[in-house]
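I opened this notebook to record what I looked up, beginning with the chain as a whole and moving on to a ligand shell and a helix pair.

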Amino acid sequence: MRNVISGLILLFLGSILLNNCLNSAVKKSVTDGQSLVNKLRKLYSSGDVSKWPAAELDASVKKNFKDIGHLSEIKFPEDNPHSQEKVLLGKTLFYDPRLSGSNQIACASCHDPELAWTDNKTLSFGHDRQLGSRNAMTILNIAHATSLFWDGRAKSLEEQSSMPIIDQREMNEHIDLATGKISKIKGYEILFEKAFGDKNVTTERINKAIATFERTVKSGSTKFDRFIDGKSEAFTDDEVIGLHLFRTKAQCINCHNSGYFSNNEFENDGTAILGAKKQDLGRYLITKKLEDVGKFRIPTLREISRTGPWMHHGVFTSLTDVIRFYNAGNPEAQKRLSTIYNGITLNSQKSPMLKKLNLTEKEIQQLEAFLGTLRSRTVRLTPPTLPQ
Ligand code: HEC
Ligand code: HEC
């Protein structure tokens, strides 16, 4: 009996001892984790980018790499300099549905300032409520894009701004008719005169004014900008770790970098879905180069939590789903890897930079928390009074 009792006591003491050991191991790993977060917080919010931990970069992007950070100053082109008057004219035109065939659709219909300058739809509705084939992109910070559209087919905002007007599924108007309509509106004379020196209305002037206005559409300060400037308490622990994951284990930094969170290059990230109804050949449609099949312009991630649904086809309805897709290494179904287009066999070749990431559920959540810090406040612009 005594033996049994002392055995039980020993077992009891042993389990207390074991429990204590385990507890202190857990505590130690928590403190280690906590001190790592504190360390990262200090480095990233030091206000000195040179103190940041090194980004884990693919060899192919090292040469022209620009780290994430603040947006740079906006540059206006020499042949279309900034003026307040031109911005006002451009803003007015951006809101004016008379540029469309039906006199009902304005640029602002699909790029709505209250919806982060998009329409928050999978695909946009245009003329006669026809569906387009791509998701509307935000105009925010557009001055930092070096080409426009998902496939980069416009080289400048000046060149771009006529394209939705003549697009039959968007505004569906002949460009000369659109310009003609604006030139007949008396109230526009003074706006053109102030912006360009005389009241002549030309397509070129319309393009230049809209482009100038768009260059002024930029994000306000974000939590991310405040944090890296030294407001070390601006980020939660999860956001700090998310930022670090973005630059290291999750490898987003390879493509989404610079203050714009895009290096403006074209990459295939496994979304071309060749042979499917929603197939999109992307950059290939413009260059006709086989290596460009399924490549899209790397979009900015500033304001990303406000501009869903995501990707050129708007198929992803949550950022968690987007991150899960990257975490799985951007898998493409075997039968979606090739298609025959105009008699030519085209293959989707995903960027070799995209691999399985082995992020845990917690890390996926932390990365998403970080993406959330890239948003600024919704601005309510007063729509301009349309001239009569
Ligand atoms: C019917 C909806 C619709 C209308 C109206 C519309 N857009 Fe768009 N916009 C889109 C879609 C969709 C895209 C992406 C299309 C693509 O990549 O092929 C886009 C892309 C853009 C881009 C490129 C953004 C980037 O990051 O590359 C700019 C700039 C732009 N639109 C400006 C305008 C202007 C200026 C007008 C008016 C003259 C206008 N849009 C009218 C739907 C619209
Ligand atoms: C190899 C380059 C590359 C890497 C690495 C990369 N992306 Fe992307 N990303 C792209 C391209 C290209 C697109 C546009 C593809 C499309 O529309 O189909 C995109 C689109 C997105 C979008 C949708 C943008 C929008 O406006 O709809 C999000 C969100 C995004 N990426 C987040 C991430 C995150 C988070 C990581 C890291 C886990 C990451 N990306 C890594 C190239 C990359």
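The entries below follow that order.

Entry 1, provenance. I note that this is a predicted model, in which local features need pLDDT of at least 70, side-chain atom pairs count only at pLDDT 80 or more, and totals for chains, interfaces and linings use all residues. Residues are numbered from 1 along each chain as its sequence is written, while chains are lettered from A and ligands numbered from 1 in the order in which they are written.

I found 13 helices and four strands in the protein chain, taken as DSSP runs (helices H or I, at least four residues; strands E, at least two) numbered from the N terminus. Its C-alpha atoms fill a box of roughly 110 × 55 × 40 Å along the principal axes. Of its 388 residues, 36% count as buried (20 or more other C-beta atoms within 10 Å of the residue's own, C-beta atoms being placed from the backbone).

I listed 26 residues around ligand 1, the closest being Cys 107, Cys 110, Gly 126, Phe 149 and Pro 164; a residue belongs here if its C-beta atom, placed from the backbone, lies within 6 Å. Two or more residues each come from α3 (107–110), α4 (157–160), α5 (163–166) and α8 (203–215). The most come from α3, with three residues.

I read that the axes of α2 (residues 84–95) and α8 come within 7 Å and cross at roughly 100 degrees, the axes being lines fitted to C-alpha atoms over the stretch in contact, with angles from 0 to 180 degrees between N-to-C directions. The two helices, α2 and α8, are therefore roughly perpendicular (65 to 115 degrees).

Terms used:
A residue is buried if 20 or more other C-beta atoms lie within 10 Å of its own, exposed if 12 or fewer, and partly exposed in between; C-beta atoms are placed from the backbone. Angles under 35 degrees count as roughly parallel, over 145 as roughly antiparallel, 65 to 115 as roughly perpendicular and the rest as oblique.
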